[in-house]
Amino acid sequence: MLGGAVVAGPLSAYQAEHVLLSVSGGIARVTLNRPERKNPLTFESYAELTAIFRAARTDDEVKAFILSGEGGNFSSGGDVHDIIGPLVAMKAVDLLRFTEMTGDLVKAMRACPQPIIAAVDGICVGAGAIMAMASDLRLAAPEAKVAFLFNRVGLAGCDMGACAILPRIIGQGRASELLFTGRAMGADEGERWGFFSRIVPAEELAEAAALLAQRLVEGPTFANGITKRMLHMEWAMSVDDAIEAEAVAQALCMKTEDFARAYHAFVAKEKPIFKGD
């Protein structure tokens, strides 16, 4: 039940079984697709999503991800019948295995070098809210409602890294309110608090995410991967250590062909065409 899935080879050749996956023009689109139940996660979809993001670490074809849900909702979190019910009957050792597996999904999302754009519409709760939180960029439709509702089912807010990541996005006090109460955060509030970078009409959400992803794909994608890595690593660094680490990282980026292309394009008064090398 909790066994890990493995994706071998490029994501463009992989036939996903529990989510929708397509790769085109450097953009991998991952869609949670159980719209009749607001796209809940199952044991199998957890494992497959983790395998997809792990495989992305060595997939040069993919430059950015778009993560979304089918049917006007992002995700209702762990499936009540397929996950929550079985959890009640599990022994402690199996429960730990489960929570470690769900945490592995967040680790995989954060470890892949490609920026992940969450396009959030409608319900985005529980593990769905965690996936949005673990993404690098978040766009919302006006109807988006995000809730870290673990408290409302008798659990702690410390699930899948929420107590570490959410305060860094919206601040300790605001994160505390959401995690202690489990209340929903609407799109407007989420934008004011910095959870969403912007709100777009629902009918324009997919296109807005695609345009943002395209901009990332056309950028210096190797350097984008370094930016994501450093944003992650520097959480645990002192300022001096971060400055030193950034000096090394930026020197590495200065050895890329993209850096040289940008210089020559600037001199020629042209727009640089990056290739990610």
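This briefing describes the sheets, a helix pair, and the pocket and cavity of one structure. The model is predicted. Helices H9 and H10 have axes that come within 10 Å. The largest pocket has a volume of about 660 Å³, while about 40 Å³ of space lies in the largest cavity.

- Strand S4 (residues 116–120) and strand S6 (residues 137–140) run parallel and are joined by four bridges.
- Within this pairing, Ala119 stands opposite Leu139 in S6.
- S6 is also joined to S9, by two bridges, and these two strands run parallel.
- Leu139 stands opposite Arg198 in S9.

- Strand S7 (residues 145–147) runs antiparallel to S8, and two bridges join them.
- Val146 has Met185 in S8 as its bridge partner.

- Two packed helices are described by the angle between their axes and the distance between the axes.
- The axes of helix H9 (residues 221–233) and helix H10 (residues 239–253) come within 10 Å and cross at roughly 170 degrees.
- Because of this crossing angle, H9 is roughly antiparallel to H10.
- On the H9 side, the contact involves Phe222, Ala223, Ile226 and Met230.
- These residues meet Ala245, Glu246, Ala249, Leu252 and Cys253 in H10.
- By class, the contact of H9 with H10 has eight nonpolar residues, one charged residue and no polar residues.

**The largest pocket**

- The volume of the largest pocket is about 660 Å³.
- Its lining is made up of 27 residues, of which Gly78, Ile84, Leu87, Val153 and Leu155 are the closest to the pocket centre.
- Helix H2 (80–89) and helix H3 (92–111) are the elements that give two or more residues to this lining.
- H2 provides the largest share of the lining, with five residues.
- By class, the pocket lining has 18 nonpolar, six polar and three charged residues.

**The largest cavity**

- Rolling a probe the size of a water molecule over the atoms shows where empty space is left.
- A search of the whole structure finds one cavity of 30 Å³ or more.
- The largest cavity holds about 40 Å³ of space.
- Its lining consists of His18, Val19, Leu32, Asn33, Arg34, Asn39, Pro40, Leu41 and Ser45.
- By class, the lining of the largest cavity has four nonpolar residues, four polar residues and one charged residue.

Notes
Residues are numbered from 1 along each chain as its sequence is written. This is a predicted model: local features need pLDDT of at least 70, side-chain atom pairs count only at pLDDT 80 or more; totals for chains, interfaces and linings use all residues. Side-chain values use heavy atoms; hydrogens and water are left out. On a 1 Å grid over the protein atoms alone, a cavity is a set of points where a 1.4 Å probe fits but cannot get out, and a pocket is an open set with protein on both sides within 12 Å along at least five of seven lines; lining residues have an atom within 4 Å of a point. Grid points are joined across faces, edges and corners, and a volume is the space filled by probe spheres set on the points. Ala, Val, Leu, Ile, Met, Phe, Trp, Tyr, Cys and Pro count as nonpolar, Asp, Glu, Lys and Arg as charged, and the others, Gly among them, as polar. Axes are lines fitted to C-alpha atoms, for helices over the stretch in contact, and angles run from 0 to 180 degrees between N-to-C directions. Angles under 35 degrees count as roughly parallel, over 145 as roughly antiparallel, 65 to 115 as roughly perpendicular and the rest as oblique. Contact means heavy atoms within 4.5 Å. Two strands pair if DSSP finds at least two bridges between them.
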